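Have a look at it first, and then we can go through the details.

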Amino acid sequence: IDNPHLALSKLEKYIQTNQSTYREAACWYMGLSYLNLDNKSAAKQSFEKVLPFKGEFEKQAMEMLKSL
């Protein structure tokens, strides 16, 4: 992610305004953005939000949580 600040801004806005299947992906990419900013606590929270979806990013989020 080249510009994590911009990504976080757009993803946070998306999550607040949309109820869709892409919320899981938005949480996943927020976690990655926080990692780029070396904010492990916020990244962990974002990855934890991915798990209840039990979707495409669940396994990856679990791996990330184990490594944090």
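Which residues does serine 33 touch, not counting residues up to four places away in sequence? Keep in mind that this is a predicted model. In it, serine 33 touches Ile1, Pro4, Ala7, Leu8 and Leu11, again leaving out residues up to four places away in sequence. Serine 33 sits in helix α2. It counts as buried because its relative accessibility is 0%, and the cut-off for buried is under 20%.

**The overall picture**

Now step back to the whole chain. The protein chain has four helices and zero strands, so read from the N terminus the order is simply α-α-α-α. Its C-alpha trace spans about 30 × 25 × 15 Å along the principal axes. The radius of gyration is 11 Å, which agrees with the value near 11 Å for a compact globule of 68 residues.

How much of the chain is buried? Of the 68 residues, 34% count as buried. The chain exposes about 4700 Å², with carbon and sulfur atoms supplying 50% of that area. If you look at contacts with a separation of 6 or more, 41% of them are accounted for by residues 24 or more positions apart.

As for charge, there are 9 positive and 8 negative side chains, and the centres of the two sets lie 4 Å apart.

In soluble globular proteins, nonpolar side chains tend to be buried together. Here the largest nonpolar core has 16 residues, and Trp28, Met30, Tyr34, Phe47 and Val50 touch the most other members. Each of α1 (4-17), α2 (23-36), α3 (40-50) and α4 (58-67) supplies at least two residues of this core. Helix α2 gives the most, with six residues.

Not counting residues up to four places away in sequence, tyrosine 34 touches Leu8, Glu12, Asn39, Ala42, Ala43 and Ser46. Setting aside neighbours within four places in sequence, serine 46 is in contact with Cys27, Met30, Gly31 and Tyr34. Serine 46 counts as buried because its relative accessibility is 6%, with the cut-off at under 20%.

Most residues other than glycine have a negative phi. Which way does phi of aspartate 38 go, positive or negative? Phi of aspartate 38 is positive, near 60°, and lysine 54 also has a positive phi, of about 50°, although it is not a glycine. Aspartate 38 lies in the loop between α2 and α3, while lysine 54 lies in the loop between α3 and α4.

Are these two buried or exposed? Aspartate 38 is exposed because its relative accessible area is 59%, and lysine 54 counts as exposed because its relative accessibility is 64%; the cut-off for exposed is over 50%.

Here are the accessibility values for the serines and the loop residues together:

| Residue | Relative accessibility | Class |
|---|---|---|
| Serine 33 | 0% | buried |
| Serine 46 | 6% | buried |
| Aspartate 38 | 59% | exposed |
| Lysine 54 | 64% | exposed |

Conventions: Residues are numbered from 1 along each chain as its sequence is written. This is a predicted model: local features need pLDDT of at least 70, side-chain atom pairs count only at pLDDT 80 or more; totals for chains, interfaces and linings use all residues. Side-chain values use heavy atoms; hydrogens and water are left out. The radius of gyration is taken over C-alpha atoms; the globule rule is 2.2 Å times the number of residues to the power 0.38. Buried means under 20% relative accessible area, exposed over 50%, partly exposed in between (1.4 Å probe, protein chains only). Contact means heavy atoms within 4.5 Å. Accessible areas come from the Shrake-Rupley method with a 1.4 Å probe; for residues, only the protein chains shown count as cover. Lys and Arg count as positive and Asp and Glu as negative; His and the chain ends are not counted. The place of a charge is taken as NZ of Lys, CZ of Arg, CG of Asp or CD of Glu. A nonpolar core is a set of buried Ala, Val, Leu, Ile, Met, Phe, Trp, Tyr and Cys residues joined through side-chain atoms within 4.5 Å.
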